[in-house]
Amino acid sequence: MSGPAVSGEAVSGETASGEAVSGAAATKAAETGAVASSEADPREGALVTPHWQLDDSAATAPRRVLRGLPSATWPVLRLIRRAAPGPALAVAVMQVVSGLAAAFGLFATTGVLTELLASGAATERVLAALPDLLLVGAAFGLRGAMDVGVSLAHARITPAVRRLAEERLYEASLGAELAAFDDSRFHDRMHRARDRGLFFLERAADNLVELIGALLGIVAATGSLAILHPVLVPVLLLAVLPDGWAVQRAAKLAYASVGRTVALDRRVQMVSDLATEREPAAEIRAYQAEPFVLHEYRVAADPLRDEDIRLATAQARVRGIGRALAGLGLALTYVVLGGLVRYGWVPLAVAGTAVIAIRVATTALNRLVLAANQLVEQGLYVADYQEFLASAERSHRTGVDTALDPSRVTLDGVTFHYPGSDRPAVRDVSLTVRPGETIALVGENGSGKTTLAKLVAGLYTPTSGEVRWADQDIALVDRSRIADRVMMVLQDPVRWPHTARVNVEVGRHDRPDPDGLALLRAATQAGADEVVDRLPDGWHTLLSKQFRGGVELSGGQWQRLAVARGLYRDAPLLIWDEPTAPLDAKAEFAVYESLRALAEDRTVVLITHRLASVRHADRILLLHDGELAEEGTHAELLALGGRYADLYELQSRMYADA
Ligand SMILES: Nc1ncnc2c1ncn2[C@@H]1O[C@H](COP(=O)(O)OP(=O)(O)OP(=O)(O)O)[C@@H](O)[C@H]1O
């Protein structure tokens, strides 16, 4: 990751003076580009920000999103409408009915009080009040029924929203270009969207329902209050606005805090994986790295804890001030009401209803303020979610939907930079792979072989230059059209936590193979049949120790399955990146025999460090520092006496010595 361009404001922003230090440290770290471990210990003093913690996109988000409630509400509303339109409509209707019942109940209460406070015998007054009393009871009952109905409909909304939001996130992530996964900003956005965005989206859906209910409750109570005496309405606002300010302020503090700590959170998560997952367990013990892992945890977790405490304290202070001001406002409201009765501006019965209405309105307004402010806070995270979807969408390349012929591949001045990297991984490479030709890419570690192979396969788009299949520039073609024509075995293939059968068939999951003949052919060519024969449930054995009944394979056994997966795919362009590195000699020999058979009617790009395996390639291309340094047949390159000859000589000597 290169030093991100983050200003001090990015990490100090809205916060108190202490955090300005983190901004300065951040800028310094960004300027020096030093690695985290050589920087100041994040536990010292104010929250110091190592370079991997910096997150420039978080800095601008609050201002943009805090423009108000609508921007927080619309995306949630749209999702609710898509995810659960029926329950959403039911909630809206029942909430309106509930609000009307509340208003009706308040007016009926005035009738009851008027009768009860009139002169005459107590029994007569009670009897006179009875019809209104029944109306109050009916209104109360209707509200209760509506509230139960709202809860039932609401229970269907939240899970449906989560389900839809998750699917959209995964769609966006799966649809993003491969290069996006090499970009740290994309990762930060994705983590914010996945870890917080989804959670808060669900909460925001809850709060929206709450907000609408509270709003209708307020309209009912305030409307009744306005009819009883208009001056009570502005006075009532005095009681709730300070609280509203406090919750709003607390939400901003929380978001600013998350902007500062999102990468630390991720760091803790990564250390947590190291400490608890199976894969690193053996190496950590072998290297006695347990104390180191714990140290790593503390370095990230201590400042997180301190930041959480600082945030909670600041929020409590702000809320306390809000509460005190709200109490004063409420007292003032009652004083005004007392004055109105004292000077005979409102009758006592109306004042009695006003007290109830004020209580109802205050409760509803508090609910509203809380829900609205939580919604604004959650809206910030929902915006993160939306932003991730948008960024994934932006990275999604759309192209023409055309048939492709990859038998002749031409690279024309191709240069490729990984995101955020100044040095090109592949530099100005031009070459042509002719139909049916097998080329081998060789060179030292990091010379650009895998990157070049991924460019040929259309997984990356060149920063400059063109990759053409036949005469078609593949940068302009739909991604799925390209992928359809390539079979590929990559370095470090995925170990699918699924059955052995799925591990092969996922190579082309929609390939019709009812008798499993293609599966068996691919498995035999890759030597995976021998692996499967020894599994307790054969092809149906679950290959993941993390689930009950699952088994684990050796590295070479996994690789045989991965090779079988690549072969099962069956496409005209074959790209093999170190397919046999973890295989034993027998399996390697078998795989190369299969490769030779496959190469007869395919264009093949083979990457390997075992130069003995590339002797039969039609052409060998040696990459050095991203550039095409040598090109020719095995014999030609040996005669040239360059880097290839040196490497071959070295390897031959190793075998001879052995
Ligand atoms: N995802 C990535 N993000 C940024 N830089 C990368 C990424 N992958 C590779 N690189 C850089 O690109 C350069 C070429 O890497 P590449 O993997 O293509 O080399 P290679 O020749 O295949 O190496 P090896 O023989 O070790 O497999 C290296 O300097 C590497 O550091």
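Asp 428 is found in strand β2. In this predicted model, Asp 428 has a positive phi of about 45 degrees although it is not a glycine. Asp 428 is partly exposed, with 15 other C-beta atoms within 10 Å.

Asp 625 sits in the loop between β9 and β10. With 15 C-beta neighbours inside 10 Å, Asp 625 counts as partly exposed.

## The four-stranded sheet

Strand β2 belongs to an open sheet of four strands, ordered β2-β1-β4-β5, with antiparallel pairing. At its edges stand β2 (426-433) and β5 (472-473); each has a single partner strand, so one side of each is left without a neighbour in the sheet.

Within this sheet, β1 (residues 409-416) and β4 run antiparallel and are joined by five bridges. Val 409 stands opposite Trp 469 in β4.

## Pro 462

The loop between α12 and β4 (464-469) holds Pro 462. Pro 462 counts as buried because it has 21 C-beta neighbours inside 10 Å, the cut-off for burial being 20 or more.

Leaving aside neighbours within four places in sequence, Pro 462 is in contact with Val 414, Thr 415, Phe 416, Leu 455 and Val 467. Of the elements already described, β1 covers residues 409-416 and β4 covers residues 464-469. Pro 462 and Ser 421 are 41 residues apart along the chain, and their C-alpha atoms are separated by 14 Å.

## The six-stranded sheet

Another open sheet has six strands in the order β6-β7-β8-β3-β9-β10, and its pairing is mixed. Its edge strands are β6 (486-489) and β10 (627-632), each of which pairs on one side only. From one strand to the next, the twist averages 15 degrees. Helix α12 (residues 449-456) packs on the sheet and touches β3, β7 (573-577), β8 and β9 (619-624). The direction of α12 makes about 160 degrees with that of β8.

Strand β8 (residues 603-607) runs parallel to β3 (residues 438-443), and four bridges join the two. Along this pairing, Ala 440 stands opposite Leu 606 in β8, and Leu 441 stands opposite Ile 607 in β8. Five bridges join β7 to β8, and these strands are parallel as well. Here Leu 573 stands opposite Thr 603 in β8.

## Burial of strand β8

Five of the five residues of β8 are buried, so the strand is largely enclosed by the rest of the structure. Thr 603, Val 605 and Ile 607 point one way from β8, while Val 604 and Leu 606 point the other way. In a regular strand the side chains alternate between the two faces of the sheet.

## Helix α18

Helix α18 (residues 585-599) has 15 residues, which at 1.5 Å a residue should span 21 Å; its end C-alpha atoms are 21 Å apart, which agrees.

The buried residues of α18 are Ala 587, Ala 590, Val 591, Tyr 592 and Leu 595. Among the elements that cover these buried residues are α15 (517-526), α17 (555-569) and β7.

## Nonpolar cores

The largest nonpolar core has 82 residues, and Val 161 and Ala 221 touch the most other members. At least two residues of this core come from each of α4 (69-83), α5 (85-117), α6 (122-175), α7 (184-228), α8 (232-276), α10 (290-342) and α11 (348-395). The most is given by α11, with 23 residues. Not counting residues up to four places away in sequence, Ala 221 touches Ala 102, Leu 106, Ala 357, Val 360, Ala 361 and Ala 364.

A second, separate core has 68 residues, including Val 426, Ile 482, Leu 574 and Val 604. In soluble globular proteins, nonpolar side chains tend to be buried together.

## Confidence

The mean pLDDT of the protein chain is 81, and 87% of its residues reach 70 or more. Over residues 1-66 the pLDDT is below 50; beyond near neighbours in sequence, this stretch has 124 contacts in the model. Where pLDDT is low, the predicted coordinates should not be read in detail. For the complex, the predictor gives an ipTM of 0.97 and a pTM of 0.71.

Notes:
Residues are numbered from 1 along each chain as its sequence is written. This is a predicted model: local features need pLDDT of at least 70, side-chain atom pairs count only at pLDDT 80 or more; totals for chains, interfaces and linings use all residues. pLDDT is the predictor's confidence in each residue, from 0 to 100. Two residues are in contact if their C-beta atoms, placed from the backbone, lie within 7 Å. A nonpolar core is a set of buried Ala, Val, Leu, Ile, Met, Phe, Trp, Tyr and Cys residues joined through C-beta atoms within 7 Å. A residue is buried if 20 or more other C-beta atoms lie within 10 Å of its own, exposed if 12 or fewer, and partly exposed in between; C-beta atoms are placed from the backbone. Two strands pair if DSSP finds at least two bridges between them. Axes are lines fitted to C-alpha atoms, for helices over the stretch in contact, and angles run from 0 to 180 degrees between N-to-C directions. The expected span of a helix is 1.5 Å times one less than its number of residues.
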